[in-house]
Amino acid sequence: DTATTEIYTLSLHDALPIYHWVNLVLHGVNVSLVYLLGILVFEAAAPALALAALWGVHPLLTESVTNVVGRADLLAAFGVLAGLLCYIRSAAAAGWRKLPWVAAMLIAQAVGIFSKENAVVLPGIMLLYDLTWRKRAAWRGRALTYAALLPPSAAFFCLRVRFPMLILARFGDNPLMSAGFWTARLTAIKVIGKYLWLFVWPARLSADYSYNAVPLFGWQPAEWEDAKALIALAICLGAAVLAVRWYRARKPLFFFLAFFFVALAPTSNLVVLIGSIMAERFVYLPSIGLAGCVVAAIYELGRHVSRQRLFAVRTAWIALGLLCLAGAVRTYARNFDWLDDRSLWTSAVNACPGSAKAHYNLGNIAKELPGGLPDAIAQYESALRIDPDYALAHNNLGLALVDSGGPVQQAVAEYEAALRINPDFAEAHNNLGNALTRLPGRLPDAIAQYEAALRINPDYAQAHYNLGTILLQLPGRLPDAIAQYEVALRIHRDYAQAHANLGLALANSGGRLQEAIAQYEAALRIDPDLAEAHFNLGNALSHLPGRMPDAIAEYEAALRIRPNATLQELVNRLRASRK
């Protein structure tokens, strides 16, 4: 049987340890760049250090540093931060001294945008900085620097046009793709509200927020889920009003508040719908703005309070230090969720019990554990209660039912459900064929399913093998069975079972015993523990003059792998006849 799994993340437990260390170093570099940005914004070391500390240890960033695919977010953030800092230095330089900084900015932009597209926000962040501190450089000099960003951006977009990339996302990954315009945008705003809440209270973090972890806006404000979207919308509008009010008097607050929304724009699903509705790694860069708002609020408070309120300011800084400590502890604990696949998807189910994919992936893991089939079946059923059109879950539920010895008809029903949803699901056709072979009188239907799988995927070696195995049992279809095994072996030459069955078919075709022996031997070179190949090789050798000792040796090898009383009696009889 074929189990089809989705792979969306890879924990560093399965990758080279050096990968994690490189990610950690990249994050450390980004923390340093955030500190330098804080120096420029606050013009003081203490708030800059607080900004770097609060952002650097925040649990919401764990996915970007620990998850393999997070490397792109680290590099994109590096490109934006380094590019912004180089731009600021270039604006302050004069004459030829400006050129090295502009060149460094171009390199940073290229690193960022070719790592991940969300680094395209660099010009927007630069413009935000210029609008916030308009007196720090002349606009004429800035315009030339902006123009210098065109080559890497143009090169990137030319490559995108030349090699178009399709967003391979189904409804389950981003349900906004199937929603109406306003429904999608209001749900996207609800996601922004969820990001804000996770920044404030990162107690329940998940590796997956696909369908239906964030339910679509349903235009029923009385419902709590829809109320969340309206609350988030009110917060966003309130933030816009505050940004306008703070534009002149509280520039750090204005800058960091706007920074969050500008940096989030490419992955917010507000402008362009992307492959995922939500992911914690999407706020790796934008969360600098949130951390900056917290620090800027305390910093502004300290600059404008009287001596009588100085105690309150000191208390606020102490509270911020305790928040950093709590964040570090939570981040440390969160890394254990990424220890292996089981811990990762268990934590995802606990954090987002409404996510069909989290239940599905946890089911895949349980299916491979000793005694885990009942749990796997329960997880697949949970996934299907959330998303009845989840073809992969139907398929794998069918596999689990077959492996657990459950009713074959129930497995057949699951495969058929998967195929109603996705008629081009080759693996489901193959698995349905396997199940039908177990039912009386259904061999013709099984053959039809294998043939359907091969029409969809002609290079599906296992379907060729399974079709050959059925044809081997039918009168007059031996040549067709041999042809199917040979195609399977052209696709997958190390397919031990296909070698073994091809040998059996050749042995039964008459006059091809030597070819059969060669196939058995090929199978055993690949898999020496294939008992059937040892047995069939023994049978073939027993028909050749002078090869009986070799035949007995093969029978004994089969017995060591799989003890069998009948075969043991045959071996004893052969030994006696040799004496």
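**Aromatic pairs and buried contacts**

In this predicted model, the count of aromatic pairs, with ring centres within 6.5 Å as the criterion, comes to 22. One of these pairs is formed by Phe 255 and Phe 259: the ring centres are 5.9 Å apart and the planes meet at 55°, so the pair is classed as tilted. Both residues belong to helix α11 (residues 251–264), where they are four residues apart, about one turn of the helix. Phe 255 and Phe 259 are both buried.

A second pair joins Tyr 360 and Tyr 390, whose ring centres are 5.1 Å apart; with planes at 35°, this pair is tilted as well. Tyr 360 is part of helix α15 (residues 356–367), whereas Tyr 390 lies in the loop between α16 (373–386) and α17 (391–403), so the pair ties together parts that are 30 residues apart in sequence. Both Tyr 360 and Tyr 390 are buried.

Ring pairs also build a cluster, which links Phe 42, Tyr 129, Trp 133, Phe 255, Phe 256, Phe 259 and Tyr 299. Charged side chains are found over ring faces too. Arg 71 lies over the face of Tyr 19, at 4.0 Å from the ring centre, and Lys 251 lies over the face of Tyr 247, at 5.2 Å from the ring centre.

Two members of the cluster, Phe 256 and Phe 259, are also contacts of Ile 288. Is Ile 288 buried or exposed? Its relative accessibility is 0%, and because buried means under 20%, Ile 288 counts as buried. This residue is found in helix α12 (residues 287–304). Apart from residues up to four places away in sequence, Ile 288 touches Val 34, Leu 51, Trp 55, Leu 81, Phe 256 and Phe 259. Trp 55 is 233 residues from Ile 288 along the chain, yet their C-alpha atoms are separated by 6.2 Å.

The last element considered is helix α22 (residues 478–491), which has 14 residues and reaches 20 Å from its first C-alpha to its last, close to the 20 Å expected at 1.5 Å a residue. Its buried residues are Ala 481, Ile 482, Gln 484, Tyr 485, Ala 488 and Leu 489. Because they cover an arc of only 160° around the axis, they lie on the same side of α22. An α-helix has 3.6 residues a turn, so residues three or four places apart point the same way. The buried residues of α22 pack against α20 (443–456), α21 (461–472), α23 (496–508) and α24 (513–526). The face turned away from the buried side of α22 carries the exposed residues Pro 479 and Arg 490.

Conventions: Residues numbered from 1 in each chain as written. Predicted model: local features only at pLDDT ≥ 70, side-chain atom pairs only at ≥ 80, totals over all residues. Heavy atoms only, no water. Helix = DSSP H or I, 4+ residues; strand = E, 2+ residues; numbered from the N terminus. Buried < 20%, exposed > 50% of the residue type's maximum accessible area, 1.4 Å probe, protein only. Contact = heavy atoms within 4.5 Å. Expected span 1.5 Å × (residues − 1). Arc of directions from axis to C-beta. Phe/Tyr/Trp six-rings, centres within 6.5 Å; stacked < 30°, edge-to-face > 60°. Lys NZ or Arg CZ within 6 Å of the ring centre and 35° of its normal.
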